[in-house]
Amino acid sequence: MERVFTPLDCLLPAGNLKFCLLILNQPSNKGHFHCLWSKAALRACVDGGANHLYHITEGSQESFLPDYISGDFDSIQPEVKEYYKAKGCELIETMDQDFTDFTKCLQILQKKIEEKSLQIDIIVTLGGLGGRFDQIMASVETLFHATNITPLPVIVIQECSLICLLQPGKHELRVDTGLEGTWCGLIPVGNPCDSVTTTGLKWNLTNQVLKFGTLVSTSNTYDNSGIVTIETDKPLLWTMAIKT
Amino acid sequence: MERVFTPLDCLLPAAALRACVDGGANHLYHITEGSQESFLPDYISGDFDSIQPEVKEYYKAKGCELIETMDQDFTDFTKCLQILQKKIEEKSLQIDIIVTLGGLGGRFDQIMASVETLFHATNITPLPVIVIQECSLICLLQPGKHELRVDTGLEGTWCGLIPVGNPCDSVTTTGLKWNLTNQVLKFGTLVSTSNTYDNSGIVTIETDKPLLWTMAIKT
């Protein structure tokens with residue numbers, strides 16, 4: 001079964017995809033933030049993500065209230081927590097130490113999407129690709145767990161990078177929004193892929209092995225077709241540049 | 001064979017050889033503003049698509065070796081490592097470790113390319129290679145037993161074990177707050193992040209497959 005989607009649609013003011021927004025504990029690009037916030041059907045902060053929301057909306061925080069804030073609350077600043085609590089935002093403490101705050105927030109989000117019967121196409125996460133290296137890897141790990149949490153695709157965006165985990169099968173990515181930067185890549189992050197075939201890239205693959213220590217596709221780019229197809233036998237991380 | 005080393009030891013003494021990878025020369029030039037000539041690299045290598053022209057001219061005029069590496073199958077970082085290993089051998093230098101500054105921030109594909117270079121490094125040099133940026137360090141542990149001394153005083157609180165590239169079927173540790181015993185580490189199953197230390201000052205890690213160690217540096 002082929003999945004077709006436009007990764008950067010969520011950043012288009014006139015984009016079609018309906019999405020939910022999760023804000024993680026990393027500084028974010030103001031332009032991305034405002035576009036994503038205005039179009040999101042549901043908005044949540046993961047623990048310290050609330051600090052960033054509070055600061056990036058300085059002067060008009062009450063116009064940017066999240067639907068909920070979840071986490072073990074070891075990162076959120078006390079005054080930020082009090083502010084959102086006083087404004088009526090739902091605060092959900094998730095103490096399970098076997099999963100990251102991000103993973104647990106996804107579980108809560110999926111539940112709310114079902115409870116409210118929302119029509120959602122994609123989950124967009126802002127932050128998670130910078131700072132502590134272990135936390136960057138934890139963001140990738142959450143994408144692996146996401147397949148068991150939600151049927152929706154989950155993308156992670158920070159600064160000029162986007163990542164998305166492609167499940168085994170065929171995928172068609174539309175990369176003609178005009179917001180795509182030059183580079184892209186295919187990263188066999190958790191496991192080797194024995195057979196990857198692509199079209200639409202400058203350096204395409206044909207039944208290629210992708211494996212750390214053998215071949216990892218980085219600094220790739222596009223041909224002019226505006227469409228990339230990727231067929232993979234194992235989970236494979238797609239990454240691409242966002243114009244800043 | 002057990003390997004014993006102190007990851008953050010390098011933040012204490014001086015480097016025997018210093019090189020820049022392409023645009024790394026831009027950062028060197030700016031971070032040493034006002035006294036660039038006291039901080040001249042032994043060589044600068046890469047395909048030179050990132051280095052600023054005036055920076056390239058400056059170091060060239062000061063007599064730094066500029067080595068153009070056009071092979072597009074390998075990253076500038078990987079190729080620089082190859083050159084470095086050759087120079088270490090040519091000069092018969094006694095070296096314990098290769099320290100890389102940068103490579104863990106910015107473009108996600110380039111962060112992953114840094115990790116890929118660590119995989120290739122095993123075929124390029126017998127020396128351990130570590131990568132440091134801001135508050136993070138990474139190092140690829142080969143199959144076997146490793147002892148890491150983490151008592152320099154420069155260690156931050158967090159650490160982790162990341163099965164990048166392949167699952168590990170059996171990992172055993174000591175010295176961590178959340179130790180592993182013959183554990184599977186695998187994306188989608190278990191990845192050790194936000195771990196920390198007990199008070200022993202030593203971490204041992206035994207792994208059956210290559211495993212990425214990551215740790216915090218105090219800032």
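Reader: In this predicted model, in which sense do strand E11 (residues 193–199) of chain A and E14(A) pair, and over how many bridges?
Author: Strand E11 (residues 193–199) of chain A runs alongside E14(A). Their pairing is antiparallel, and the number of bridges is four.

Reader: Which residue in E14(A) is the bridge partner of A:Thr198?
Author: E11(A) and E14(A) pair in the antiparallel sense. Within E14(A), A:Thr198 has as its bridge partner A:Ile230.

Reader: Which residue in E14(A) stands opposite A:Leu173?
Author: Strand E9 (residues 169–174) of chain A also pairs with E14 (residues 227–232) of chain A, antiparallel and over six bridges. The residue of E14(A) opposite A:Leu173 is A:Val228.

Reader: How far apart are the end C-alpha atoms of helix H4 (residues 101–115) of chain A?
Author: H4(A) has 15 residues, and at 1.5 Å a residue they should span 21 Å. The computed separation of the end C-alpha atoms agrees with that: 21 Å.

Reader: Why is H4(A) described as largely enclosed by the rest of the structure?
Author: A residue is buried when its relative accessible area is under 20%. The buried residues of H4(A) include A:Phe102, A:Leu106, A:Leu109 and A:Ile113. H4(A) is largely enclosed because the buried count, out of 15 residues, is 11.

Reader: Which are the edge strands of the open sheet of five strands in chain B?
Author: The order in this sheet is E1-E8-E13-E10-E11 (chain B), with mixed pairing. An edge strand here pairs on one side only, which holds for strand E1 (2–5) and strand E11 (183–185) of chain B.

Note on methods:
Residues numbered from 1 in each chain as written. Chains lettered and ligands numbered in written order. Predicted model: local features only at pLDDT ≥ 70, side-chain atom pairs only at ≥ 80, totals over all residues. Heavy atoms only, no water. Pairing = 2+ DSSP bridges. Helix = DSSP H or I, 4+ residues; strand = E, 2+ residues; numbered from the N terminus. Expected span 1.5 Å × (residues − 1). Buried < 20%, exposed > 50% of the residue type's maximum accessible area, 1.4 Å probe, protein only.
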